[in-house]
Amino acid sequence: MQDISLLKINLRKALFISVIAAVIIEAILLAIALNILSYVNLFTLPYAIILFFLTFLAILAYNFFIKGLNHSRRIATVLIPIGISLALIGVLLSLLGLSYGIFLLMFAYLIELITGYFMRVDFNLYSSKGTKIFSVGLFIFVLSLPLFLYNIYLIIIPIFGNLLKGAGLFILYKNLFS
């Protein structure tokens, strides 16, 4: 059993990074919804740099999550690198003009959903409310993300899911200080 204060410090850092990523994702989704950015242009070099930055944040958060999780550490140690790798490959393939790269990116989010399910055990130790909001938001976000590829107006659903996910992460982050 690890020192609880060390677990909390690392989990706090991971959640802070995750909140930043949620804000960036929300900005991208809102830009698409407001026709400031087309999702087709999302995989051009300027926007791919943002997606690579999100991947960098995921790697950084992963390093703190595995040091801050207790009960779900084993599954996170296996699943998170798979999700990050799929996201990176998906962005690279999309940048090269291969449209199926976006599906790898969405599959990476599905792995995030599975990992988030297992992380609930650790998160519940700090905030049941934050954990529930995070879990519902993650579920809505991940499962609704492909919808806007069929109808751009459906992007409001993943926007709402990501907003909930980010709010849940922020509540968890805030409660780690008490």
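Lys165 is found in helix 6. Helices are DSSP runs of H or I with at least four residues, strands are runs of E with at least two, and both are numbered from the N terminus. This is a predicted model: local features need pLDDT of at least 70, side-chain atom pairs count only at pLDDT 80 or more, and totals for chains, interfaces and linings use all residues. Residues are numbered from 1 along each chain as its sequence is written, and side-chain values use heavy atoms, with hydrogens and water left out.

The structure holds one salt bridge. The term means a side-chain nitrogen of Lys or Arg within 4 Å of a carboxyl oxygen of Asp or Glu. Lys165 forms it with Glu112, and the closest N and O atoms are 3.7 Å apart. Lys165 lies in helix 6 (residues 156–175) and Glu112 in helix 4 (residues 101–123), so the pair ties together parts that are 53 residues apart in sequence.

## Surroundings of the pair

How buried or exposed are the partners? Lys165 counts as buried, at 3% relative accessibility. Glu112 counts as partly exposed, at 29%. Buried means under 20% relative accessible area, exposed over 50%, and partly exposed in between (1.4 Å probe, protein chains only).

Contact means heavy atoms within 4.5 Å. Not counting residues up to four places away in sequence, Lys165 touches Ile25, Glu112, Ile133, Phe134, Gly137, Leu138 and Phe141.

Ser18 lies in helix 1 (residues 4–33). Ser18 counts as buried, with a relative accessibility of 15%. Neighbours within four places in sequence aside, Ser18 is in contact with Ala61, Phe65 and Leu169.

Ile17 also has its place in helix 1. At 9% relative accessibility, Ile17 counts as buried. Leaving out residues up to four places away in sequence, Ile17 touches Leu57, Leu60, Ala61 and Phe64. Ile17 and Ser178 are 161 residues apart in sequence, and their C-alpha atoms are 19 Å apart in space.

## A positive phi at Asn35

Most residues other than glycine have a negative phi. Asn35 is not a glycine, yet its phi is positive, at about 60°. Asn35 sits in the loop between helix 1 and helix 2 (45–68). Asn35 is exposed, with a relative accessible area of 67%.

## Overall fold

The protein has six helices and zero strands. From the N terminus on, the order is α-α-α-α-α-α. Its C-alpha atoms fill a box of roughly 45 × 25 × 25 Å along the principal axes.

What is the radius of gyration of the protein? The value is 16 Å, which agrees with a compact globule of 178 residues, whose radius would be near 16 Å. The radius is taken over C-alpha atoms, and the globule rule is 2.2 Å times the number of residues to the power 0.38.

Of the 178 residues, 46% count as buried. Among contacts with a separation of 6 or more, 73% come from residues 24 or more positions apart.

## Surface and charge

The accessible surface of the protein comes to about 9,300 Å². Carbon and sulfur atoms hold 74% of this surface. The areas come from the Shrake-Rupley method with a 1.4 Å probe; for residues, only the protein chains shown count as cover.

There are 11 positive and 4 negative side chains. The centres of the two sets lie 5 Å apart. Lys and Arg count as positive, Asp and Glu as negative, while His and the chain ends are not counted. Each charge is placed at NZ of Lys, CZ of Arg, CG of Asp or CD of Glu.
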